[in-house]
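Visitor: I have a protein model on my screen and some questions about its parts. Could you guide me through them?

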Amino acid sequence: MTELSLRHEDACLQARLTPWDERALGFATAEITSFEARSAHSASRLLAQAEQWAHGLGVRYLFGRVDGNAHLLRSVLLAGDFQFVETSLTVSRSGMGNLPPVPRGMLPTLRPAVADDIPLLRGIAHDDFGHGRFLEDPAIDPALARQRTANWIEDLVNGGLAYAAESRGRVIGFHAERVHASEHRAELLLTGAAAPYAMLAMPLWVTALESLAARDVQRCTTLVSAANTGIINLYARLGFQFNTSLTGFRKFL
């Protein structure tokens, strides 16, 4: 059973295996994707059942995120020997207008990424991304965490969700998104400029948001590490709102 759904009185928990993470880290992993409770007793019971499920599948690393203000859940996780390793922020933007002015000559273009782009885009993801739940966990080998990020961009390209960003005939970065056209919204998955083209990060984001506007996307959301102050400042300049904080936790089983 690759997914788990539990309920007990006033609590619910959902989890799943994450084989894409196992591919890079070299051991079985699972994620608690949803965890809510109104009593410590119910929360502890479901957490214990989730650990049993994970044990039965050979999982060594169980992780997830809870609302940073969910004190009851945080206390239950600590009592269960989970450790908190990172904090993330949910951010959103409604409407794609009123973007910061950028000289048109600096705006890169976006085109669907193809298989030939994968080695270069993997390199950017591997070398130039330093934040995320595995990259910020001191118990994870940084080389394996970077490999996981590189694998992610390859999966996004193969899934048709990634774009290569070009400026003056050179690939300078990438952008990945999942658009829900019927709902006029998009999830921003992974975006970044290669280190030598860091000055084009703002233009890249403006291009991406203008592209969404052209497809009648009216709202976009994403998740960013609270430790990534550079991207937080960039989102603020782009008019994003910071909505909630999520506390990332994990336990070696």
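Guide: Start on the other side of helix α3, where His71 and Ala79 are exposed. Keep in mind that this is a predicted model.

Visitor: Which residues of α3 are buried?
Guide: Exposed residues such as His71 and Ala79 lie on the other side of α3. The buried ones are Leu73, Val76 and Leu77.

Visitor: What do the buried residues of α3 pack against?
Guide: Leu73, Val76 and Leu77 are the buried residues here. Their packing partners are β3 (29–37), α2 (40–56), β4 (61–67), β5 and β11.

Visitor: Is Asp81 buried or exposed?
Guide: Exposed means over 50% relative accessible area. Asp81 has 58%, so Asp81 is exposed.

Visitor: What about Asp216: is it buried, partly exposed or exposed?
Guide: Asp216 is in the loop between α6 and β10 (219–225). Asp216 is not a glycine, yet it has a positive phi of about 65°. Its relative accessible area is 39%, so Asp216 is partly exposed.

Visitor: How many aromatic pairs does the structure hold?
Guide: Rings of Phe, Tyr and Trp pair if their centres lie within 6.5 Å. The structure holds 11 aromatic pairs.

Visitor: What kind of pair do Phe82 and Phe249 form?
Guide: Planes over 60 degrees apart count as edge-to-face. The rings of Phe82 and Phe249 are 5.6 Å apart, centre to centre, with 85° between the planes. The pair is edge-to-face.

Visitor: How many residues apart in sequence are the parts that this pair ties together?
Guide: Phe82 lies in the loop between α3 (71–79) and β5 (83–94). Phe249 lies in strand β11 (residues 241–252), so the parts tied together are 167 residues apart in sequence.

Visitor: Are Phe82 and Phe249 buried or exposed?
Guide: Buried means under 20% relative accessible area. Phe82 has 2%, and Phe249 has 1%. Phe82 is buried, and Phe249 counts as buried.

Visitor: What kind of pair do Trp205 and Tyr235 form?
Guide: Trp205 is buried, at 3% relative accessible area. Tyr235 is buried too, at 4%. Their ring centres are 5.3 Å apart and their planes are at 70°, so the pair is edge-to-face.

Visitor: Which helices hold Trp205 and Tyr235?
Guide: The pair ties together parts that are 30 residues apart in sequence. Trp205 lies in α6 (residues 201–214), and Tyr235 in α7 (residues 229–237).

Visitor: Which residue lies over the face of Phe27?
Guide: Phe27 forms one aromatic cluster with Tyr61, Phe63, Phe134 and Phe252. At 4.6 Å from the ring centre of Phe27 lies Arg60.

Visitor: Which ring does the charged end of Arg148 sit over?
Guide: The distance from the charged end to the ring centre is 5.5 Å. The ring is that of Trp152.

Visitor: At what angle do α4 and α5 cross?
Guide: Two packed helices are described by the angle between their axes and the distance between the axes. The axes of α4 (residues 118–128) and α5 (residues 142–158) come within 8 Å. α4 passes α5 in a right-handed crossing. The angle is roughly 145°.

Visitor: Is Glu51 buried or exposed?
Guide: Glu51 has its place in helix α2. Leaving out residues up to four places away in sequence, it touches Leu62, Gly80, Phe82, Lys251 and Leu253. Its relative accessibility is 14%, so Glu51 counts as buried.

Visitor: What separates the C-alpha atoms of Ser225 and Thr87?
Guide: Ser225 is in strand β10, and it counts as buried at 9% relative accessibility. Ser225 and Thr87 are 138 residues apart along the chain. Their C-alpha atoms are separated by 6.1 Å.

How values were computed. Residues are numbered from 1 along each chain as its sequence is written. This is a predicted model: local features need pLDDT of at least 70, side-chain atom pairs count only at pLDDT 80 or more; totals for chains, interfaces and linings use all residues. Side-chain values use heavy atoms; hydrogens and water are left out. Rings of Phe, Tyr and Trp (its six-membered ring) pair if their centres lie within 6.5 Å; planes under 30 degrees apart count as stacked, over 60 as edge-to-face and the rest as tilted. Helices (H or I, at least four residues) and strands (E, at least two) are DSSP runs, numbered from the N terminus. Buried means under 20% relative accessible area, exposed over 50%, partly exposed in between (1.4 Å probe, protein chains only). A charge sits over a ring if NZ of Lys or CZ of Arg is within 6 Å of the ring centre and within 35 degrees of the ring normal. Contact means heavy atoms within 4.5 Å. Axes are lines fitted to C-alpha atoms, for helices over the stretch in contact, and angles run from 0 to 180 degrees between N-to-C directions. A crossing is left-handed if the near helix is turned anticlockwise from the far one by less than a right angle, and right-handed if clockwise.
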